[in-house]
Amino acid sequence: MKQETFHPSPEGDESNGWKYLGAAWALVACAFFSTAVRIWVRGRLTRNMGWDDYYMIIGQFTNLVGLGLVTAEVFNGLGRHMYYLQPDQIRRFIIIGWLDWMQTFITIMLTKISICLFLLRIKNDTRNKIIMYILIAANVLVTSVICFLLLGICRPLRAFWDVGVDGRCFSTRQFMIMVASQGTFSILSDLILATMPLFFLRNLQISRRTKLLLCVLMGAGYM
């Protein structure tokens with residue numbers, strides 16, 4: 001990858017990495033706790049474990065891998081200005097960041113598959129099956145394409161993090177288009193998954209207040 005020139009930051013060698021790390025650990029801890037409670041209830045109390053639970057468990061493990069990668073990124077310069085990093089730190093930071101992108105897309109895919117399978121447990125009619133299976137297939141396809149593109153981001157791949165290796169790499173614009181495309185698809189699938197439960201609740205024989213509360217909770221994906 002081409003060598004860039006960096007200039008000193010007006011604030012000096014300050015690091016915000018620990019703020020990022022604190023937020024990451026807190027979010028993962030909440031996700032891990034909620035998943036643990038879910039698995040305990042499904043596995044011990046109701047004895048009703050399903051494929052949606054298994055995919056969520058796998059997703060939490062990849063999430064923990066991501067937390068480890070973010071931690072390693074902080075120790076290698078995340079949150080600091082590039083001007084103050086040593087060449088070896090920059091190289092390690094780029095490698096770890098590349099791995100973190102891969103992990104992020106895979107974790108998102110696993111989580112969405114889990115949600116699709118969960119919605120199939122709520123309503124398993126033909127129309128819902130078609131929608132959910134299309135969403136699952138689309139998530140797997142998009143994630144596979146993105147990961148394939150990341151594996152080919154430079155030829156040879158080592159040129160992505162080693163300025164001493166000549167190679168052909170994606171431009172910054174091409175990389176941003178790739179990330180934006182995945183992000184757009186992710187938002188659209190989130191909206192679909194957040195909207196589907198609202199249709200499930202229409203004909204339930206429950207009070208309007210309870211139905212409204214469930215709509216708010218199950219439509220939290222809009223946020």
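User: What is the accessible surface of the protein, and how much of it belongs to carbon and sulfur atoms?

Analyst: The accessible surface comes to about 14100 Å², and 66% of it belongs to carbon and sulfur atoms. Such areas come from the Shrake-Rupley method with a 1.4 Å probe; for residues, only the protein chains shown count as cover. This is a predicted model, where local features need pLDDT of at least 70, side-chain atom pairs count only at pLDDT 80 or more, and totals for chains, interfaces and linings use all residues. Residues are numbered from 1 along each chain as its sequence is written, and side-chain values use heavy atoms, with hydrogens and water left out.

User: How many helices and strands are there, and in what order do the elements run?

Analyst: The protein has six helices and two strands. From the N terminus on, the order is α-α-α-α-β-β-α-α. Helices (H or I, at least four residues) and strands (E, at least two) are DSSP runs, numbered from the N terminus.

User: What makes α3 and α4 roughly antiparallel?

Analyst: The axes of helix α3 (residues 87-122) and helix α4 (residues 126-151) cross at roughly 175 degrees. Axes are lines fitted to C-alpha atoms, for helices over the stretch in contact, and angles run from 0 to 180 degrees between N-to-C directions. Under 35 degrees counts as roughly parallel, over 145 as roughly antiparallel, 65 to 115 as roughly perpendicular, and the rest as oblique. So α3 and α4 are roughly antiparallel to each other. Their contact has 20 nonpolar, three polar and two charged residues. Here Ala, Val, Leu, Ile, Met, Phe, Trp, Tyr, Cys and Pro count as nonpolar, Asp, Glu, Lys and Arg as charged, and the others, Gly among them, as polar. The axes come within 9 Å.

User: How do you know that Cys154 and Cys169 form a disulfide?

Analyst: Look at the sulfur atoms: S to S is 1.8 Å. A disulfide is a pair of cysteine sulfur atoms within 2.5 Å. The link of Cys154 and Cys169 therefore qualifies. A search of the whole structure finds one disulfide.

User: Which parts does the pair tie together?

Analyst: Cys154 lies in strand β1 (residues 154-155) and Cys169 in strand β2 (residues 168-169), so the pair ties together parts that are 15 residues apart in sequence.

User: Where do Cys30 and Cys147 fall, buried or exposed?

Analyst: Cys30 has a relative accessible area of 53%, so Cys30 is exposed. Cys147 has 11% and therefore counts as buried. Of the 223 residues of the protein, 35% count as buried.

User: Which residues is Phe93 in contact with, leaving aside its neighbours within four places in sequence?

Analyst: Phe93 is in contact with Glu73, Asn76, Gly77 and Leu78. Contact means heavy atoms within 4.5 Å. Phe93 lies in helix α3.

User: What is the phi of Arg47, and where does Arg47 lie?

Analyst: Arg47 has a positive phi of about 50 degrees although it is not a glycine. Most residues other than glycine have a negative phi, and most peptide bonds are trans. Arg47 lies in the loop between α1 (17-45) and α2. At 66% relative accessible area, Arg47 is exposed.

User: Which residues does a cis peptide bond join?

Analyst: The cis bond joins Arg155 and Pro156, with omega about -5 degrees. Pro156 lies in the loop between β1 and β2.

Note on methods. Buried means under 20% relative accessible area, exposed over 50%, partly exposed in between (1.4 Å probe, protein chains only).
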